[in-house]
Amino acid sequence: MYIMDMITAALLLIVSICLILISLVILRFTIHFTMSEEYREIGVMKAVGISNRKIRGLYIVKYFGISVTGAVAGFVCSVPFGNVMLEKISKNIIMVSDKTGWLNLICAFGTAAVVVAFSYFCTRSIKRISPIEAIRNGEGDESYAKKGLIHLNRSRLPVLCFLALNDIVRGFRTFFTMILIFTLGTLLILIPVNTANTLESDKLIVWFSMAECDHVISEELFLSSSEDNLRSLKDKEDSVKSVLRDRGIEAKVFQEIMFRMNISKNNRKMSSLAFQGIGDITAEEYVYLEGSAPQRKSEVAISHTVAENIDAAIGDDVEIKDGETVKTYTVTAIFQTMNNMGEGIRFSEKEELDYRYMAGCFGIQIRYQDDCGKEEKDRRKAILKELYAENKVYDAGEYINDMIGDMAGTLGGIKRLILLVVLCINMLVTVLMVKSFLAREKGEIALLKAAGFQNISLIIWQTLRIGIVLLMSVILGLLLLAPVSKLAVEPIFQMMGAYSIEFDVEPFEVYVAYPLLVFLATLLSAFASAWGIKRISASEISSIE
Amino acid sequence: MGPSGSGKSTLLYTVSGMNGMTAGEVIFCGRNLGNLKEKELARLRLNEMGFIFQQMYMLKNLTVLDNIILPACQSDKIRESRKETARRGCDLMHKLGIIEIADNEISEVSGGQLQRACICRSMINQPGMIFADEPTGALNRAASKEVMEELTKINGEGTTIMLVTHDVRVAAKCGRVLYIVDGNIKGEYNLGQYKSREELRDREKTLNNWLLELGW
């Protein structure tokens, strides 16, 4: 179960890194916006002989104050929150030390130092500002846009759509910040969604050295050091099979048995879990990353982790200690498993192992022979529950989820928390951006009002800009989802033995529900912020420089 | 006309419905502006009024032609395609002698050209009245002369123009001059139409004397 805590911890780490990136992007925007607003003042300071270093110092002092306040607040909050998290994790992970106070302090002030250094980096453009230009124009260097790619006189778009799209095309640098934040936000939501859905899906069963099946009946196994272990398991499988046949249901019934064995090649050896399928199953029905299933008694497949540890490859001979005897096997395939951080050896069903040394078994797996739909499967599950009232009956995904301690449930909680955080970030960024646009574009808004544009048209114009940027970001996020998930989540799974993962994507959730939720929250905050347009009077055009 | 801070622009913005009024009433095309909602005022400004300002305000993200046709694209006064609107915009630019800057960015043209583009924009919806707040205030003498010639021509074609100016030469081209001090009309001078350049020079002198009498 500690493996799953590692997934949670790693996911939280990825989310934290993304949040730090987002805050740096927001900081960069804020500094640039402030500098653009104070462009003339900077020009005046330069004109009266204040050096660049001192002007930059004014900004750095401000951000130093803010970041130190943030660091202190963060450190204070980290004590109770950190303790709660550590308490939960240390139940399953052995912690080297539970005294993390110094680490928290270093992290908090390290973050403040990074913020100050980043602020210093962002204010470097002060050096390029010409005092005469700044005093004369009073606007930042982005006062005139680049040549446009689209033209109103040739476009068929409605006026407000055109204005919004044209602003984005012309001022792409300004909107890039938003695109970056919204894209990161989209990824932040969807990566845990896909991870949680994958960990909930039926396909997860193959990552735990089991073959695909429809239902699993939990098995309480009382092992003895006798040959009877195998006989009693097979009897149970036969009984399930015959009960199903009596009800007209044809199914394959099989089970996974486990051993702990030593495997070695030359001087490198390790202890690993070993598996063999018994019942209506052959080694060919399992999933392998490379090579072909072990078909003979003297053949085995080994997991990626075992192969790496003993430096073995397909075609190599390895020695495996089964009970008291050591036998030589040829490796025919490499597979992945998340059992015990990737440990695994698979034998052919033909190999006769020493069943006195069985370490355990998984539940009884049932795979129906007919291609029945979900409704029929649910009906059959109900029958099984009735027949085996003393046992639990699961779908494949449910069985694994139960085995790994309701990881999907934990991730579900994290998923909701991240969604809330991202929605808040999107809304805050939108408010910040729209407010800054209103301040910067006061003249244009007054002009459009004077020309007869209604308040609601101008509010729609501002909201549409955010909407288009958000649409671009969501599309970009969806396009990047697969490669970024691979990059960010695959290493975590690899640590646990899964080297080739295929995410389970719920199209409605990923492509409709979550984007729609993000759209609604963001557009609502854009619309509410743009409401400030009402306070700008058309006559203010005369007071704009 | 009037000294700085006398309330010239305030009067202009109040008459055009941009500023709310605290007393009195403004009747425009038979409608009391004080009784109109913001939406109706905006519609009236869009369709029946044109505006020219001292600073040549234009949307920096649009070309000159796009800026000119923008109010027409938003208005439903004249039902036409975007292509026809663009053609009308080009016709106006041609008339004011700036057709060569149609596809230019606003940062690429001179102040005089830009102000003439603003005149085009104010006329694109064929308004009944144009409000001009010191239209020549930011222009050099030559450009100022050109702009005033265009405004006189437009006025001659039947469009009423109400303009605020500090310049006697500009005021001399107007038919009626109001002199405002501290928000009150201190004097009114009806000059009527002028017919020749000589007459214009005489009007300038007469107007100058009148203004001096009022404390200009």
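Predicted model: local features only at pLDDT ≥ 70, side-chain atom pairs only at ≥ 80, totals over all residues.
Start where the chains meet. Chain A puts 27 residues into the contact, and chain B puts in 32 residues. On the side of chain A that touches chain B, the elements giving two or more residues are helix 6 (159-170) and helix 13 (442-450) of chain A.

Now turn to chain B and a pair of its helices. Helix 3 (residues 64-74) of chain B and helix 5 (residues 111-123) of chain B have axes that come within 7 Å. Those axes cross at roughly 25°. An angle under 35 degrees counts as roughly parallel, so helix 3 of chain B and helix 5 of chain B are roughly parallel to each other. Their crossing is right-handed. From helix 3 of chain B, the contact uses V64(B), N67(B), I68(B) and P71(B). From helix 5 of chain B come A117(B), C120(B) and R121(B). By class, this contact has five nonpolar residues, one polar and one charged. Helix geometry gives a way to read such lists. An α-helix has 3.6 residues a turn, so residues three or four places apart point the same way.

Helix 7 (residues 172-200) of chain A packs against helix 15 (residues 507-530) of chain A at an angle of about 140°. Their axes are 11 Å apart. Angles over 145 degrees would count as roughly antiparallel; helix 7 of chain A and helix 15 of chain A are therefore oblique to each other. This crossing, too, is right-handed. Helix 7 of chain A brings T186(A), I189(A), L190(A), V193(A) and N194(A) to the contact. Helix 15 of chain A answers with E509(A), V510(A), Y514(A) and V518(A).

Next, the nonpolar interior. In soluble globular proteins, nonpolar side chains tend to be buried together. The largest nonpolar core in this model has 174 residues. Within that core, I302(A), I68(B), I69(B) and C120(B) touch the most other members. Helix 7 of chain A gives the most to this core, with 13 residues. Apart from that core lies another, of eight residues, including M35(A), I42(A), M45(A) and A134(A). Leaving out residues up to four places away in sequence, C120(B) touches I68(B), G89(B), L92(B), M93(B) and L96(B). I68(B) and C120(B) also both belong to the contact of helix 3 of chain B with helix 5 of chain B.

Back in chain A, look at C18(A), in helix 1 (residues 2-37) of chain A. C18(A) is buried, with 21 other C-beta atoms within 10 Å. Beyond residues up to four places away in sequence, C18(A) touches L184(A) and L188(A). C18(A) and I181(A) are 163 residues apart in sequence, yet their C-alpha atoms are 9.4 Å apart in space.

I106(A) is exposed, with 11 other C-beta atoms within 10 Å. I106(A) and F75(A) are 31 residues apart in sequence and 9.3 Å apart from C-alpha to C-alpha.

Helix 11 (residues 396-403) of chain A can be read as a whole. Six of its eight residues are buried, so helix 11 of chain A is largely enclosed by the rest of the structure. The buried residues are A396(A), G397(A), Y399(A), I400(A), N401(A) and M403(A). G405(A) follows helix 11 of chain A, with a positive phi near 75°.

Last, the backbone. Most residues other than glycine have a negative phi. M341(A) has a positive phi, near 60°, and is not a glycine. M341(A) sits in the loop between strand 7 (325-335) and strand 8 (345-347) of chain A. With 14 C-beta neighbours inside 10 Å, M341(A) counts as partly exposed. Q126(B) also has a positive phi, near 45°. Q126(B) sits in the loop between helix 5 and strand 4 (129-133) of chain B. Q126(B) has 14 C-beta neighbours inside 10 Å, so Q126(B) counts as partly exposed.

Conventions:
Residues numbered from 1 in each chain as written. Chains lettered and ligands numbered in written order. Contact = placed C-beta atoms within 7 Å. Helix = DSSP H or I, 4+ residues; strand = E, 2+ residues; numbered from the N terminus. Axes fitted to C-alpha atoms, helices over the stretch in contact; angles between N-to-C directions. Parallel < 35°, antiparallel > 145°, perpendicular 65-115°, else oblique. Left-handed = near helix turned anticlockwise from the far one by under 90°. Nonpolar A, V, L, I, M, F, W, Y, C, P; charged D, E, K, R; others polar. Core = buried A, V, L, I, M, F, W, Y, C linked by C-beta atoms within 7 Å. Buried ≥ 20, exposed ≤ 12 C-beta atoms within 10 Å, placed from the backbone.
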